[in-house]
Amino acid sequence: YEPDTGSPVRVNQVGYLPQGPKTGTLVTDATDPLPWTLKSADGAAVASGTTVPGGEDPTSRQNVHTFDFGAVTDTGDGFTIEADGQVSEPFSIRADLYDSLRSDSLAYFYQNRSGIEIDADLVGEEYARPAGHLGVAPNKGDTDVPCQPGVCDYRLDVRGGWYDAGDHGKYVVNGGIAVAELMDTYERTLTADGAESAELGDGALRVPEHGNDVPDILDEARWELDFLLRMQVPAGNPLAGMVHHKVHDANWTGLPMRPELDPEQRELHPPTTAATLNLAATAAQCARLYEPFDADFAAQCRTAAETAWAAAKAHPAVYASPADGVGGGTYEDNDVSDEFYWAAAELFTTTGKDTYRQALLESPLHADPDAAFPADGGMWWGGTAGLGVLTLATVPNDLTADQLADVRAVVTTAADRYKQQTEDQLYGVPYAPEGQNYTWGSNSQVLNNMIVLATAADLTGEAGYRDAVLRGADYLFGRNPLNQSYVTGYGERFSQNQHHRFWAHQSDPALPHPPAGSLAGGPNLTAPTSGDPEAATKLKGCAAAMCYLDDNGSYATNEVAINWNAPLAFVASYLDDAGDG
Ligand code: 9MR
């Protein structure tokens with residue numbers, strides 16, 4: 001299998017901000033510098049220079065040069081770079097490049113809501129669908145769900161929330177990071193200079209709750225928060241206050257499958273400490289953010305968060321089983337020290353209580369950049385300490401000045417590392433796992449690192465951090481070994497066959513492609529041996545950043561997921577604000 005990588009001249013196919021850095025990559029066997037020319041849409045030469053030979057890029061095994069046209073501030077569409085007799089994909093230079101990405105990336109969440117009809121007036125006819133999992137046949141539904149045999153003797157109404165990804169499972173530890181990053185996107189508008197709130201406000205996004213005087217992004221987040229609250233074990237039961245790890249089908253369903261047609265029995269899986277701490281953290285954040293809009297809901301969140309924290313302290317090592325993967329993902333995680341840290345950070349920020357401060361200061365993860373933002377990956381669903389650090393560093397709280405300085409240093413230390421990666425790596429990506437071990441959902445790791453960079457930029461005002469975020473965007477939108485934009489509808493060669501049971505056009509032409517703003521999981525070095533049938537045959541021996549297929553059978557490289565689109569939404573907001581400012 002030989003991927004079609006198109007032109008060897010690689011650029012951000014969406015474009016570049018007029019005041020931002022502008023770099024690209026040329027794949028060539030030449031060892032000496034080569035001339036490049038930037039041309040406008042009418043073919044006129046706008047700028048020229050020579051490439052810098054970089055040698056072999058270890059993520060792709062391609063021999064590459066880089067080029068830099070950062071001095072250009074002309075604006076327009078249809079620019080191209082010519083080098084080595086080849087022409088890049090066309091791109092724009094404009095301040096408003098990322099305007100629609102903010103709302104498109106957030107519309108992903110509405111479109112994946114469970115338990116509510118998806119309205120054609122908001123998303124268009126081809127994406128409209130009936131409500132899923134409300135117990136209307138053939139659905140067994142999420143309104144009255146039993147536990148797996150032997151796990152509990154009650155049933156719960158766990159309707160709502162978002163479907164996790166291409167499947168119809170709803171997993172608390174993945175909902176947790178996703179809803180936290182949506183809330184962070186909103187909270188940034190309260191804490192960062194130049195962060196725009198109107199474009200996230202009431203009436204601005206594709207949600208049905210227009211006109212309720214609540215920012216639309218909080219309406220979207222609440223859809224998930226209400227679900228997470230329903231997953232808590234009710235009082236009077238042995239594990240009261242703990243949170244069920246997940247609810248999903250008793251058996252895997254195939255592609256395609258619209259949510260309302262899923263006939264499988266839904267089941268609640270055992271509570272875990274990780275899920276419980278995800279509720280503690282996100283409900284604590286909920287309590288402070290919804291207070292101005294709905295004091296009762298905020299109070300409900302606060303109570304749930306403190307109850308969850310107490311339950312996690314009482315049951316600190318109840319883990320998900322790695323064997324519990326029939327009909328849904330396992331999301332197993334045997335280290336919850338990071339979830340404890342995150343929950344303590346959110347609870348401390350919201351309540352100011354000393355118990356939570358003590359929990360932070362006593363944690364072995366405190367003030368340690370490698371714990372919050374590990375060099376081999378960064379934040380992810382199984383590693384959430386960084387979410388707590390970002391909150392402590394940006395949201396007003398009762399830390400002492402010294403404690404706050406320690407926490408902010410964690411952010412800037414990690415950001416310095418990612419910034420350096422964008423300068424050292426030949427494709428400019430702020431992600432450099434050891435051994436090029438591009439992980440499942442690697443694009444979300446790039447984006448989570450971009451959140452750290454964006455936060456460092458907000459905290460310090462240093463343009464170098466912003467520039468590194470922009471170089472990350474360049475990678476995601478086409479300056480990469482496959483010449484691939486990983487976001488549907490953005491750039492010239494974009495992913496459009498992501499693994500999803502409803503947006504499965506490739507399996508059934510009557511169904512749509514994913515809508516604009518859907519992020520593909522991205523290159524995954526272990527995909528060939530993960531069970532993914534497409535990757536097993538086509539990607540054997542792949543170079544890390546090329547272990548990707550835009551095929552809806554390739555769930556290990558090309559799925560969509562809430563925890564991947566959430567950092568995209570945060571970063572899209574940041575990028576749009578950066579263009580405005
Ligand atoms: O994002 C998850 C990744 O970290 C794991 O390595 C992978 C395999 O266990 O599972 C990913 O999560 C999937 C989940 O199990 C089921 N829904 C789709 C998720 C994205 O592929």
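Phe-79 stands opposite Phe-91 in strand 10. The model is a predicted one, in which local features require pLDDT of at least 70 and side-chain atom pairs count only at pLDDT 80 or more, whereas totals for chains, interfaces and linings use all residues. Residues are numbered from 1 along each chain as its sequence is written.

Strands (E, at least two residues) and helices (H or I, at least four) are DSSP runs, numbered from the N terminus. Strand 8 runs antiparallel to strand 10 (residues 91–93), to which 2 bridges join it. Strands 8 and 9 form a hairpin with 2 residues between them, and Asp-84 in the turn has a positive phi of about 55 degrees.

Among the helices, helix 7 (residues 337–351) packs with helix 8 (residues 354–362) at an angle of about 145 degrees, their axes lying 8 Å apart. Axes are lines fitted to C-alpha atoms, for helices over the stretch in contact, and angles run from 0 to 180 degrees between N-to-C directions. Residues of helix 7 that meet helix 8 include Phe-340, Tyr-341 and Phe-348, and those of helix 8 include Tyr-356 and Leu-360 (contact means C-beta atoms, placed from the backbone, within 7 Å).

Notes
Two residues are in contact if their C-beta atoms, placed from the backbone, lie within 7 Å. Two strands pair if DSSP finds at least two bridges between them.
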